[in-house]
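Welcome! Please open the structure in your viewer and follow along, one selection at a time.

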Amino acid sequence: MKALIKEFTKGIIRENPTFVLVLGLCPTLAVSVTVANGIGMGIAATFVLLGSSVIVSLVKDFIPGRIRIPCYIVIIATFVTIAEMSMKAYSPVLDRALGIYVPLIVVNCIVLGRAEAFACKNSMASSFFDGLGMGLGFTLALILISGIREFLGSGQLLGHTLIKGFEPIFVFGMPSGALLVIGLLLGFFNFLKNRKR
Amino acid sequence: MRDNLIVSGSPHIHKKASISRIMWTVVLSTIPAGIAGVIIFGWDALWIILVATIAAVSTEWAFESITRHKVTILDGSAVITGILLAYNLPPGVPLWLPAVGAVFSIIVGKAVFGGLGQNIFNPALVGRVFLMASWPKYMTTFPKPFNYDAVTSATPLAMLKEGKIPGHIPYLDLFLGNRGGCIGEVCILALLIGAAILLIKGYITWHIPLTYIFTTALLTYIFGAKQLFQGDWLFHILSGGLILGAFFMATDYVATPLTPKGQVIFGIGCGLITAVIRLWGGYPEGVSYAILMMNAATPFIDRYTRNRIYGT
């Protein structure tokens, strides 16, 4: 049980997919304009990660080594299709906001990376907790980045204006703002890590 | 620059040039343009310069204290960043704008790369472009010169972009600064005085400024009008931030090539991009973007213009 909890918590800070492994930057850069988008993307990615990790760890003994990547892609694509269709059905606004980036979860490096680096070598239970932790870490990173960007770029948080008279810094709503925020956060986390040593 | 690096046999003469001496001389050489800006646009301009400078210096101090680096605010480089940023702002902006810009200049433009000597872009221009992208409304509203109320006027280059030919502005007015524009860029006379100080002292060389201005003039002369070779090149030299950019920002030591050959390429590249943006681009003025783009190309230029090692 202790080992499982460790698999779960490592994804949140110690091996955070965005800030430590630096995976999945494409959706992170693209959808982190508002917190709502960030949460939606995080949940969709977590769902896909969870499902694909579990299935990959279950069928790992039946997949020939040579064609494992195509097999992973088929498994991942199944879950992405489920996620996309549910999003279209229950939250069309979010689906329109995220656009092409939901289908693109298929090629998200976090999902593929965890299947290749973890799920194909470990048991179902530890893969489940690994996927959950990684998904949660990704979601938290997205919330942090999109929170900073939404607040600075439009003066709002989850659609509510926080400070009256605050003049939004447009650049943070643009792609350059995403790169800036991610770069500065990466630097900041590395700075904290080096200082602890 | 190159000659200073050749070490010959003794005896050696000690030259008093150091980072702080050069930086404070640059600060001195920008003062005439600042005085001219204050005369032309009133006390608002002075407050903007002071706010930007104080914000830049205190940000540098705060960042270096927090990250436990050596505090280097006395070398004057943060002061010059603040001053140059303020010179690139319109005189009517609210006072928080230069402060935010200076903080961004120092942190994102310089400190995150490792401080002075490590930055890949000119910090003051990083701040200006950030402000331009974030608050375009303030950054493109220019008060009328010698009119201390809030009357605005377009800059000569903006008029040109809108299709109004600013033929009624005499060259002498452009030269002395009687036009809309940023605080430090309008008075060409004062800028040239400062540039002369730097050139005489040997702190900058002619390579970048001259090739930069010449390329811009040539291209605007050839392509500036409806017919070829009819362009008003003198107007293009005297308006906008070309002189300020060419002498004070394109000559930044850190972010420009080391060899004279590289500096000539740098200057020509800046002139090319400036002329292209002015004549065909979406913005009326392209000096800051031109210099930043060439800053990004600097390591590349340096690699291909490396001096031959003696004896090989």
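**A walk through chain A**

Start by selecting chain A: of its contacts between residues at least 6 apart in sequence, 76% join residues at least 24 apart. Keep in mind as you look around that this is a predicted model.

Now colour chain A by secondary structure. You will find eight helices and two strands, and from the N terminus on the order is α-α-α-α-α-α-α-β-β-α.

**Two loops to zoom in on**

Next, select A:Val22, in the loop between α1 (2-10) and α2 (25-31) of chain A. A:Val22 is not a glycine, yet it has a positive phi of about 50°. Is this residue buried or partly exposed? A:Val22 is partly exposed, because 13 other C-beta atoms lie within 10 Å.

Then jump to chain B and pick B:Phe229, in the loop between α10 (207-223) and α11 (233-238). Here too phi is positive, at about 60°, in a residue that is not a glycine. B:Phe229 has 9 C-beta neighbours inside 10 Å, so it counts as exposed.

**Where the chains touch**

Finally, show both chains together. The contact takes seven residues from chain A and six residues from chain B. On the side of chain B that touches chain A, helix α5 (residues 123-134) gives the most, with three residues. By class, that side of chain B has five nonpolar residues, one polar and no charged ones.

Methods:
Residues are numbered from 1 along each chain as its sequence is written. Chains are lettered from A and ligands numbered from 1 in the order in which they are written. This is a predicted model: local features need pLDDT of at least 70, side-chain atom pairs count only at pLDDT 80 or more; totals for chains, interfaces and linings use all residues. Two residues are in contact if their C-beta atoms, placed from the backbone, lie within 7 Å. Helices (H or I, at least four residues) and strands (E, at least two) are DSSP runs, numbered from the N terminus. Ala, Val, Leu, Ile, Met, Phe, Trp, Tyr, Cys and Pro count as nonpolar, Asp, Glu, Lys and Arg as charged, and the others, Gly among them, as polar. A residue is buried if 20 or more other C-beta atoms lie within 10 Å of its own, exposed if 12 or fewer, and partly exposed in between; C-beta atoms are placed from the backbone.
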